[in-house]
Amino acid sequence: MAYRPTRVAEFSYIGQHRYFLTICVDHRARVFENQAVAAEVIDQLLQCAEAHDFEVLAYCVMPDHVHVLIVGLVDTANLLRVVKAWKQKTGLWWKQGGHRTSLWQEGFYDRILREDDVTEGVIRYILLNPVRAGLASDPRDYPYLGAMKYDVQTLLESSCFWTPPWK
């Protein structure tokens, strides 16, 4: 039986909350090294988020997993519903492409951000993920980073209280 991360039992995952998500590819296969696959996953993430009343504050598609900072925009925004829709749409696209394996592992990892958690700190973590992994020396050089409303340069500039390690 496959391991599935558990959800916080007392939490509904509905409403205007911020979540830091990590979603892994099935068997940690490095499928996002393929530009077309990474681009489709990003496109579907942004579409599903918008359709379900969420904003993607930052994302990073790594070779075998995805990091997302996402926030509900309305009281009825349902995180479990948006993640399920995104994984189903991309999983169907993957299967229609002739792949016999699943795209995603079951479940996902989440961290519900508290009111005093600094959004910029999570954005910094996401943006620096490819730098820490040795995939880029500067996050601006990594093609699979972004946000719904801002480009990487703007995200980097908005985190003005910290000094980027690549400078």
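In which strand is the place of Thr22?

**Entry 1: conventions.** I worked from a predicted model, in which local features need pLDDT of at least 70 and side-chain atom pairs count only at pLDDT 80 or more, while totals for chains, interfaces and linings use all residues. Residues are numbered from 1 along each chain as its sequence is written, and side-chain values use heavy atoms, with hydrogens and water left out.

**Entry 2: Thr22.** I located Thr22 in strand S1; strands are DSSP runs of E of at least two residues and helices runs of H or I of at least four, numbered from the N terminus. Thr22 has a relative accessible area of 16% and is therefore buried (under 20%; exposed is over 50%, partly exposed in between, with a 1.4 Å probe and protein chains only). I found a polar contact of 3.0 Å between the side chains of Thr22 and His67 (a pair of N or O atoms within 3.5 Å, one able to donate a hydrogen and the other to accept it within protein; residues adjacent in sequence count only if both atoms are side-chain atoms). Neighbours within four places in sequence aside, I listed His65, Val66, His67, Phe108 and Tyr109 in contact with Thr22 (heavy atoms within 4.5 Å).

**Entry 3: helix H3.** I checked the 14 residues of H3, 119-132: at 1.5 Å a residue they should span 20 Å, and the end C-alpha atoms are 19 Å apart, which agrees (the expected span is 1.5 Å times one less than the number of residues). I noted a kink of about 25 degrees at Ile126, shortly before Pro130 (the angle between axes fitted to the seven residues ending there and the seven starting there). The buried residues of H3 include Val122, Ile126 and Pro130. Among the elements that the buried residues of H3 pack against, I recorded strand S1 (18-24) and helix H4 (152-158). Gly134 follows H3 with a positive phi, near 80 degrees.

**Entry 4: aromatic rings.** I counted 7 aromatic pairs (Phe, Tyr and Trp rings, the last by its six-membered ring, with centres within 6.5 Å; planes under 30 degrees apart are stacked, over 60 edge-to-face, the rest tilted). The ring centres of Trp86 and Trp104 are 5.0 Å apart and the planes at 45 degrees, so this pair is tilted. Trp86 lies in helix H2 (residues 79-96) and Trp104 in the loop between H2 and S4, so the pair ties together parts 18 residues apart in sequence. Both Trp86 and Trp104 are buried. For Tyr142 and Tyr144, with centres 5.6 Å apart and planes at 90 degrees, I recorded an edge-to-face pair.
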